[in-house]
Amino acid sequence: MKALVYKGTNKLALEDKPIPVIKTPTDAIVKITKTTICGTDLHIMKGDVPTVTDGRILGHEGVGIIEQVGGNVSNFSVGDHVLISCITSCGKCTNCKKGMYSHCENGGGWILGNLIDGTQAEYVRIPFADNSLYPIPAGADQEALVMLSDILPTGFECGVLNGHVKPGDTVAIVGGGPIGLAALLTAQFYSPAEIIMVDVDDNRLEVSKKFGATKVLNNSDGKAVEKVMALTDNRGVDVAIEAIGIALSFDICQAIVAAGGHIANIGVHGKPVQLNLDKLWAHNITLTTGLVDTVTTPMLLKTVMSGKVRPKQLITHRFKFNDVLQAYGTFSNAMKEHALKVIITND
Ligand SMILES: [Zn+2]
Ligand SMILES: [Zn+2]
């Protein structure tokens, strides 16, 4: 089969690889119909994720059709259309029982396209298939569902739920990439009064307005903090969602959080940041971190099926699997290419 393979820092290749086989009776083999590239894949490409080694097939998002199931898989049969969760989980260990699938103690968590071969291929092996796959309802738009593998649950769980967005709140989202936009779409479940999007890219800010941001701020001048404080009568925001993963965006969040507010970090940080406890110790804030657990995927699936949330709006480019390297080129130049999410289709 064809697969997109990490070959060391800044090297990717489209290679022929053997079709994966069942290794454990709880595995399933899925024929990938659609996949996508995540910002995390770009971090891997740059060598920021040392757990990914030379020769690894990348990708942790996608939809497909069950090709083969192990003897202990009971929820799925050959031919079923499935959504692949970016988080693999046994569903049985102590952490899984708490709904903390990202910390599955039986070798699950974020392993796809990281510790084991991922979804940017014609076939993928999914361990713990019963708990790591979701059935796709008949008539569903499969492209839209690719957004449910990672970005929609990540924006919702790590941004909106951890940030405790409530009706009437003022929310700021720092970072208008796919994850920030997913937080923007799902924050609206809770009817916040204001959602302020902060980015440096006018195109992303334009998109944010269409997706429901009430105010947008271009931080190219570095004045986002002053502008947010001016917009909030110097109170700050009830919820500051960090959706980039750098010190600058975290610093904006700690400067704009209101007394009693929440900072919800989503970004993948490669370097330490400074926590300004000299200012925040008496400010009654909470700070949350975490990897997505994907426990909200079944709920989000219903909201997508009903049209309440339309994640398909995030898709800007489409490629055939043979052009996956070109897809990486486009996604790597997201600002210039006006790219949000790309869909890669296997015929
Ligand atoms: Zn991802
Ligand atoms: Zn587990």
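In this predicted model, Ile65 stands opposite His81 of strand β5. That pairing belongs to the contact between β4 and β5 (residues 81-84), where 4 bridges join antiparallel strands. On another side of the account, β4 also pairs with β3, again in the antiparallel sense, over 6 bridges; here Ile32 has Gly64 in β4 as its bridge partner. Strand β3 is in turn joined to β6 by 4 bridges, and these two strands run antiparallel as well. Ala28, for instance, finds its bridge partner in Ile126 of β6.

Strand β6 (residues 123-126) is covered on both faces. In a regular strand, side chains alternate between the two faces of the sheet. For β6, Tyr123 and Arg125 lie on one side, Val124 and Ile126 on the other, and all of them are buried. Among the buried residues of α6 are Pro178, Gly180, Leu184 and Thr186.

The zinc ion (ligand 1) brings us to the metal site. Its protein donors are Cys38 (SG), His60 (NE2) and Asp150 (OD), which lie 1.7 to 2.2 Å from the ion. Along the chain, the donors follow the spacing C-x21-H-x89-D. Cys38 sits in the loop between β3 (28-35) and α1 (39-45), while His60 sits in the loop between α1 and β4 (62-69), so to speak a link between distant parts of the chain, 22 residues apart. Both Cys38 and His60 are buried.

What of the cysteines and disulfides? A search of the whole structure finds 0 disulfides. For Cys86, the closest cysteine sulfur is that of Cys38, and the separation of 7.9 Å is too far for a bond. Cys86 is itself buried, at 3% relative accessibility, and Cys90 is buried too, with a relative accessible area of 12%.

Salt bridges are present, with 15 found in a search of the whole structure. Glu143 forms one with Lys312, with 3.8 Å between the closest N and O atoms. Because Glu143 lies in helix α4 (residues 142-146) and Lys312 in the loop between α11 (297-305) and β14 (315-320), this pair ties together parts that are 169 residues apart in sequence. Glu143 is buried, at 11% relative accessible area, whereas Lys312 is partly exposed, at 34%. A further salt bridge connects Lys215 and Glu194, whose closest N and O atoms are 3.3 Å apart. This pair links Lys215 in strand β10 (residues 215-218) with Glu194 in strand β9 (residues 194-199), 21 residues away in the chain. Lys215 is partly exposed, with a relative accessible area of 31%, and Glu194 is partly exposed at 25%. Lys227 and Asp221 also meet through their side chains in a salt bridge, at 2.8 Å from N to O. Beyond individual pairs, salt bridges with shared partners join Asp141, Glu143, Lys312 and Arg318 into one network.

The surface has nonpolar features too. Leu275, Leu277, Trp281 and Leu287 form a nonpolar patch with about 450 Å² of accessible area together. Trp281 lies in the loop between α10 (277-280) and β13 (286-288) and counts as exposed, at 68% relative accessibility. Elsewhere, Ala230 of helix α8 (residues 224-231) is exposed, with a relative accessible area of 59%.

Conventions:
Residues are numbered from 1 along each chain as its sequence is written. Chains are lettered from A and ligands numbered from 1 in the order in which they are written. This is a predicted model: local features need pLDDT of at least 70, side-chain atom pairs count only at pLDDT 80 or more; totals for chains, interfaces and linings use all residues. Side-chain values use heavy atoms; hydrogens and water are left out. A disulfide is a pair of cysteine sulfur atoms within 2.5 Å. Buried means under 20% relative accessible area, exposed over 50%, partly exposed in between (1.4 Å probe, protein chains only). Donors are N, O and S atoms within 2.8 Å of the metal (3.2 Å for Na, K and Ca); water is not among the atoms, so sites may look incomplete. Two strands pair if DSSP finds at least two bridges between them. Patches are made of residues with over 30% relative accessible area and no salt bridge: like charges are joined within 9 Å, nonpolar side chains (Val, Leu, Ile, Met, Phe, Trp, Tyr) within 5 Å. Accessible areas come from the Shrake-Rupley method with a 1.4 Å probe; for residues, only the protein chains shown count as cover. A salt bridge is a side-chain nitrogen of Lys or Arg within 4 Å of a carboxyl oxygen of Asp or Glu.
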